[in-house]
Amino acid sequence: MTHAKKTVILFVALLVAGVAPAGAQRYKYRQIIRAYPAVGATVSQMRGDELRGFRKWGFTAGVGAMVDLTDDYKWHLSMEADFSQRGAYNNTSSPYALFHFTMNYVDIPLTVHFTDPYGGATFGAGLVYSRLVQQPHGFMAYNPNIFMPDTANLTFLKNDFAAAIDVRVPVWRGLTLNFRYQHSILPVKRGWDFWGYRNEGDKKPQSWSNDCYNSSISLRVLYVFGDDNTKYKNKNKKKK
């Protein structure tokens, strides 16, 4: 079993162990704190690697807690601890013949949410702090007739700060679908060097460097303990 798989298994086990006490808090402080586990998939790209498109698929799982900020259940604050995979992937002939690497992160998102009292959908925005727990691992093959990156140093910064938007749609009782998009605010790698024919028609090779930023989309399933997704409707009916 690889080190990466052991890391994922250990992290998920810790998440499951942490759900029980968090769920107990939900019942102790009813309608104030709601705990939830989350699991899903990510698709990502890295701006600055001279590739285009979200092609790198990965895994994400975590636990979180949401706190009601107002009595009408419209405004909330959530915080999570997630394991997420990001990176880059390309399997076309241009610009690289093959390019595939994975980076494992622990994410801590802090998000402010607003829930539509009629439809029940929840919209959020916030900041994400991510800690790189494993440097890129994978492989790279390039086409020297176009251009190539410097492969001597593929070390990325350990801290990633990102902005995120979040949409949650109730499905049934505590089951919720979650969409999240996040993009790095600061570079995750500074000055990645490239050389070759950057533009079509160039007669002489050039050299340049790019700062790199993570960009990812995740689709997750959440289960909010003790939440039947009807409290906002009941509250709204009382006001009528």
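Me: In this predicted model, in which sense do strand S1 (residues 33-47) and strand S2 (residues 56-68) pair, and over how many bridges?

Reply: S1 and S2 are antiparallel partners, joined over 12 bridges. Within this pairing, Arg34 stands opposite Met66 in S2.

Me: How many bridges join S2 to S3, and which residue stands opposite Asp82 in S3?

Reply: S2 and S3 run antiparallel, with 9 bridges between them. Gly62 is the residue opposite Asp82. The two strands form a hairpin with 6 residues between them, and Tyr73 in the turn has a positive phi of about 65 degrees.

Me: Which residue meets Arg34 in a salt bridge?

Reply: A salt bridge requires a side-chain nitrogen of Lys or Arg within 4 Å of a carboxyl oxygen of Asp or Glu. By this rule the count comes to 9 salt bridges. One of them joins the side chains of Arg34 and Asp68, at 2.6 Å from N to O. This pair links distant parts of the chain, as Arg34 in strand S1 and Asp68 in strand S2 are 34 residues apart.

Me: Is Arg34 buried or exposed?

Reply: The cut-off for buried is under 20% relative accessible area. Arg34 counts as buried because its relative accessibility is 3%. Asp68, at 12% relative accessibility, is therefore buried as well.

Me: Which residue forms a salt bridge with Asp82?

Reply: The partner of Asp82 is Arg220, with the closest N and O atoms 3.7 Å apart. Arg220 in strand S10 (residues 206-223) and Asp82 in strand S3 are 138 residues apart, so that the pair links distant parts of the chain. Both Arg220 and Asp82 are buried.

Me: Where do Asp107 and Arg86 lie?

Reply: Asp107 and Arg86 form a salt bridge, their closest N and O atoms being 3.1 Å apart. Asp107 is in strand S4 and Arg86 in strand S3, 21 residues apart. Asp107 counts as buried because its relative accessibility is 2%; Arg86 is buried, with a relative accessible area of 2%. Elsewhere, salt bridges that share partners join Glu80, Asp82, Asp166, Arg168, Arg180 and Arg220 into one network.

Me: Which residues form the nonpolar patch on the surface?

Reply: The patch consists of Ile32, Val67, Leu69, Trp75, Leu77, Met79, Ile108, Leu110 and Val112, with about 740 Å² of accessible area together. Strands S3 (75-90) and S4 (96-115) each supply at least two of its residues. Ile108 lies in strand S4 and counts as partly exposed because its relative accessibility is 33%.

Key:
Residues numbered from 1 in each chain as written. Predicted model: local features only at pLDDT ≥ 70, side-chain atom pairs only at ≥ 80, totals over all residues. Heavy atoms only, no water. Patch = residues over 30% accessible without salt bridge, like charges linked within 9 Å, V, L, I, M, F, W, Y side chains within 5 Å. Areas by Shrake-Rupley, 256 points an atom, 1.4 Å probe, with all protein chains shown as cover. Helix = DSSP H or I, 4+ residues; strand = E, 2+ residues; numbered from the N terminus. Buried < 20%, exposed > 50% of the residue type's maximum accessible area, 1.4 Å probe, protein only. Pairing = 2+ DSSP bridges.
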